[in-house]
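Subject: Structure handover

Hello,

Here is the structure you are taking over. Please keep it open while you read the notes below.

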Amino acid sequence: MEQQSMFWQESDLPLAARLRPRTLDEFVGQTHLLGEGKVLRRLIESDRIGSMIFWGPPGVGKTTLARIIAGRTKSTFIDFSAVTSGIKEIKQVMEQAEKNRRFGEKTILFVDEIHRFNKAQQDAFLPFVEKGSILLIGATTENPSFEVNGALLSRCKVFVLQALKPEEIVCLLRHALTDPRGFGDEHVQVAEELLQAIANFANGDARSALSTLEMAVLNGDRTETGVEITSATVEQITSKKSLLYDKSGEEHYNLISALHKSMRNSDPDAAVYWLARMLEAGEDPLYIARRLTRFASEDVGLADPRALEICVAAYQACHWIGMPECSVHLTEAAVYLSMAPKSNSLYLAYERAKKDATTMLAEPVPLVLRNAPTRLMKELDYGKGYQYAHDAEDKLTDMQCLPDSIQGKEYYRPTEEGIEIKYKERLAQIKEWKRAHTKQN
């Protein structure tokens with residue numbers, strides 16, 4: 001059991017900890033869940049909660065909600081950290097919870113950062129959740145669909161908490177300046193536009209906003225009447241924004257999806273914005289370059305074959321010089337792809353062929369297309385009747401290249417976008433030639 005120093009005071013806590021809401025009425029944000037008459041508020045107020053998971057970005061109130069529940073419930077409430085606890089600690093807590101159940105007492109187990117538990121650790125909770133020994137409340141910044149075991153997830157109600165709006169954060173900041181637990185006794189003077197700047201900088205994170213305000217107050221100008229926060233102080237503190245990003249989590253996939261879809265929608269401004277969001281948050285430029293290369297063939301294709309060349313060149317440039325210099329090469333590629341004519345005919349061609357290749361009988365390769373390097377293969381007619389196109393006057397032959405069961409199938413269907421119209425015209429000429437010469441035979 002930890003002991004506090006005799007010199008410890010509550011004022012030694014960070015501002016965000018001092019101002020942590022104690023009741024639902026003090027809680028700011030999440031009105032879709034906690035507004036009057038909303039389901040989560042009613043469950044908390046009636047002390048009838050079940051196992052649940054709070055999913056949302058940092059600083060939106062996941063842990064605070066759990067502590068509000070702890071203050072209202074008649075159950076035993078255990079605060080558990082996925083960062084510092086292992087299987088041994090889980091078993092000890094579960095044993096105590098089982099004893100409580102036998103005596104008719106409920107146990108609520110709050111697990112912060114539940115996504116940090118591996119499968120074995122999560123499995124250790126499952127039997128106790130199933131038989132009601134514990135009510136589990138998990139908090140996570142990661143998509144529980146990916147990070148929480150399906151069996152455990154199916155027994156929990158997921159509540160999605162949203163990033164706070166700037167006006168909600170401004171409200172929190174004003175409260176911090178007037179509440180005695182905050183800076184209510186220090187007479188802090190700060191312009192409204194500076195509170196707005198701090199709120200925008202926080203990116204929906206209340207804890208970040210309060211930490212920024214605390215730093216601004218500590219570095220403010222001391223006057224006879226109190227503390228004055230200047231724009232210069234706020235600009236210095238907020239000079240570098242910490243972007244929400246996890247290179248292996250959902251936000252990683254959200255941002256690359258936004259980049260892809262912006263380019264597909266021919267929106268270069270949006271594409272460059274999402275590119276900057278990824279790069280400035282620390283994404284590997286080579287990863288982005290690889291995705292651009294895929295996009296060049298999947299979404300532009302033969303409408304502009306140069307797109308692939310530019311993306312491969314951008315990848316090489318990123319490999320040679322790295323960040324931050326290579327940001328301009330990726331920007332060139334992203335803008336080019338956004339402005340290029342679009343065709344997904346190559347992607348669709350492969351998908352059609354893949355469906356046949358994986359669902360139909362695996363047809364043997366026609367004998368005419370097989371090589372015959374040995375005498376036995378020649379005796380078995382490997383390569384018999386093969387027509388070498390270069391020997392033909394038109395460089396075309398009527399040789400059948402598909403198996404009989406799918407003869408005549410069309411997988412590649414060119415569009416009329418960009419220069420792909422030329423390929424469409426050429427393909428039509430080839431097919432017309434083959435129809436004419438096949439009939440003659």
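Two strands pair if DSSP finds at least two bridges between them; helices (H or I, at least four residues) and strands (E, at least two) are DSSP runs, numbered from the N terminus. This is a predicted model, in which local features need pLDDT of at least 70 and side-chain atom pairs count only at pLDDT 80 or more, while totals for chains, interfaces and linings use all residues. Residues are numbered from 1 along each chain as its sequence is written, and side-chain values use heavy atoms, with hydrogens and water left out.

Sheet with β6, β7 and β8

An open sheet of 3 strands runs in the order β6-β8-β7, with mixed pairing. Its edge strands, each pairing on one side only, are β6 (188-189) and β7 (221-222). Strand β8 (residues 227-228) is parallel to β6, with 2 bridges. In that pairing, V188 stands opposite V227 of β8.

Strand β1 and its partners

β1 (residues 52-55) has M52 and F54 pointing one way and I53 and W55 the other way, and all are buried. Buried means under 20% relative accessible area, exposed over 50%, and partly exposed in between (1.4 Å probe, protein chains only). β1 pairs in the parallel sense with β4 over 4 bridges, and I53 stands opposite G138 there. Strand β5 (residues 157-160) also runs parallel to β1, joined by 4 bridges; K157 is the bridge partner of M52.

Aromatic pairs

There are 2 aromatic pairs in the structure. Rings of Phe, Tyr and Trp (its six-membered ring) pair if their centres lie within 6.5 Å; planes under 30 degrees apart count as stacked, over 60 as edge-to-face and the rest as tilted. The F54 and F159 rings have centres 6.3 Å apart and planes at 50 degrees, so this pair is tilted. F54 in β1 and F159 in β5 are 105 residues apart, so the pair links distant parts of the chain. Both F54 and F159 are buried. For Y273 and W274, the ring centres are 4.8 Å apart and the planes at 70 degrees, which makes the pair edge-to-face. Y273 is partly exposed at 44% relative accessible area, and W274 is partly exposed at 23%.

N143

N143 sits in the loop between β4 (135-140) and α7 (144-147). N143 counts as buried because its relative accessibility is 10%. Its side chain reaches the backbone nitrogen of S145 at 2.9 Å, a polar contact (a pair of N or O atoms within 3.5 Å; within protein, one must be able to donate a hydrogen and the other to accept it, and residues adjacent in sequence count only if both atoms are side-chain atoms).

Regards
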